[in-house]
Amino acid sequence: MMAKKNNDYFELIHKQTAYCVEASNLLKEIMLKFNTDNVGVYRTQIHEIEHQADDMHHDILKKLSTEFITPIDQEDILRLVQIIDDITDALDEVVLDVYMYHIAQIPEKAAELSRTVNLCVKALYEAAAELKNFKKPEKLRQLLVKVNDIEIKADFIYTDAIYALFSSDADGKALLGAKAVYEGLENCCDLCERAADVIEQVIIKNT
C-alpha cells in the first residue's frame, strides 16, 4: 500500500495568491485604460479570475478537512487562505462597484491607488513564496514590512482622494460612486496587511 502523499500547503497558498496578482493586474489595466463601453467585459474577465480563485480556496479547505498533520497550525492556514480569498473577492467588487454606480469616468486618484494595490498584492505574493522558510524568517519579514509600507502609502493616497472628492463640486451620484471605488481599492490593501499579520503570527509561533 502506497503511503499517503502530504499536501504542500505552502505551494497551494502561493498558487492561491497568484490569482490575487492576476486580478490586481487586470484591475490596474481597467483603471488605467477605462472605457465605459467595456464595463460588461471587465466584469466578466475579473469575475472569471475570482471564480477560479474560489475553486482553489474550496480545494484547499477540502484537503485540510482530511489532513491530520500540517506544517503550520491548521487554524493559521485556514485564516490565511480565507483572507487571500477575500482579496480576490475585494478586487472583483471594485469592478462591480464601477458597474453598480454607473461610473462613466474613473475617479481622479483611482488609477494611482490601483497601481499601489497591484504593488501590495505582488509583495504579498512574494511573501507567500517565502512562507515555506518561516523558521528562517529574515527575508520573509522583509517582505512583510514591504506589504505594510505599501499599505501605509495606500492609506495616504486614499485620504487625499477622499479629501479632494469632498472638496469638489461633484454631484451626489458621482460622489457616491467615486467614494465606493476608493473604499474598495483601499480595502484590498487592508486585506493584504491582514494576511501579512497572519504570516507574522506564524513566524512568532514557530521560532
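**Close-up views of a predicted helical model**

**View 1. His-102, an exposed loop residue.** At 68% relative accessibility, His-102 counts as exposed. Exposed means over 50% relative accessible area, buried means under 20%, and partly exposed is in between (1.4 Å probe, protein chains only). His-102 sits in the loop between helix 3 (74-100) and helix 4 (110-130). Helices (H or I, at least four residues) are DSSP runs, numbered from the N terminus. The phi of His-102 is positive, about 50 degrees, although His-102 is not a glycine. Most residues other than glycine have a negative phi.

This is a predicted model: local features need pLDDT of at least 70, side-chain atom pairs count only at pLDDT 80 or more, and totals for chains, interfaces and linings use all residues. Residues are numbered from 1 along each chain as its sequence is written, and side-chain values use heavy atoms, with hydrogens and water left out.

**View 2. Helix 4 against helix 5.** The axes of helix 4 and helix 5 come within 9 Å and cross at roughly 165 degrees. Axes are lines fitted to C-alpha atoms, for helices over the stretch in contact, and angles run from 0 to 180 degrees between N-to-C directions. Helix 4 and helix 5 are therefore roughly antiparallel to each other. Angles over 145 degrees count as roughly antiparallel, under 35 as roughly parallel, 65 to 115 as roughly perpendicular and the rest as oblique. The crossing of helix 4 and helix 5 is left-handed. In a left-handed crossing, the near helix is turned anticlockwise from the far one by less than a right angle. Residues of helix 4 in the meeting include Leu-113, Cys-120 and Ala-127. Those of helix 5 include Leu-140, Val-147 and Ala-154. By class, the contact of helix 4 with helix 5 has 14 nonpolar, one polar and seven charged residues. Ala, Val, Leu, Ile, Met, Phe, Trp, Tyr, Cys and Pro count as nonpolar, Asp, Glu, Lys and Arg as charged, and the others, Gly among them, as polar.

**View 3. Helix 5 against helix 6.** Helix 5 covers residues 138-167, and helix 6 covers residues 172-206. Their axes come within 9 Å and cross at roughly 160 degrees. That makes helix 5 roughly antiparallel to helix 6. Their crossing is left-handed. The contact of helix 5 with helix 6 has 18 nonpolar, one polar and ten charged residues.

**View 4. Cysteines without a disulfide.** A search of the whole structure finds zero disulfides. A disulfide is a pair of cysteine sulfur atoms within 2.5 Å. The closest cysteine sulfur to that of Cys-120 is in Cys-189, 4.1 Å away, too far for a bond. Cys-120 is buried, at 0% relative accessibility. Cys-192 is in no disulfide either; its nearest cysteine sulfur, that of Cys-120, is 4.2 Å away. Cys-192 is also buried, at 0% relative accessibility.

**View 5. Leu-191, a buried residue of helix 6.** Leu-191 lies in helix 6. Its relative accessibility is 6%, so Leu-191 counts as buried. Leaving aside neighbours within four places in sequence, Leu-191 is in contact with Ile-83, Asp-86, Ile-87 and Ala-90. Contact means heavy atoms within 4.5 Å.

**View 6. Ala-110, a buried residue of helix 4.** Ala-110 is found in helix 4. Ala-110 is buried, with a relative accessible area of 0%. Not counting residues up to four places away in sequence, Ala-110 touches Met-31, Val-181, Tyr-182 and Leu-185.

Terms used. Helices (H or I, at least four residues) and strands (E, at least two) are DSSP runs, numbered from the N terminus.
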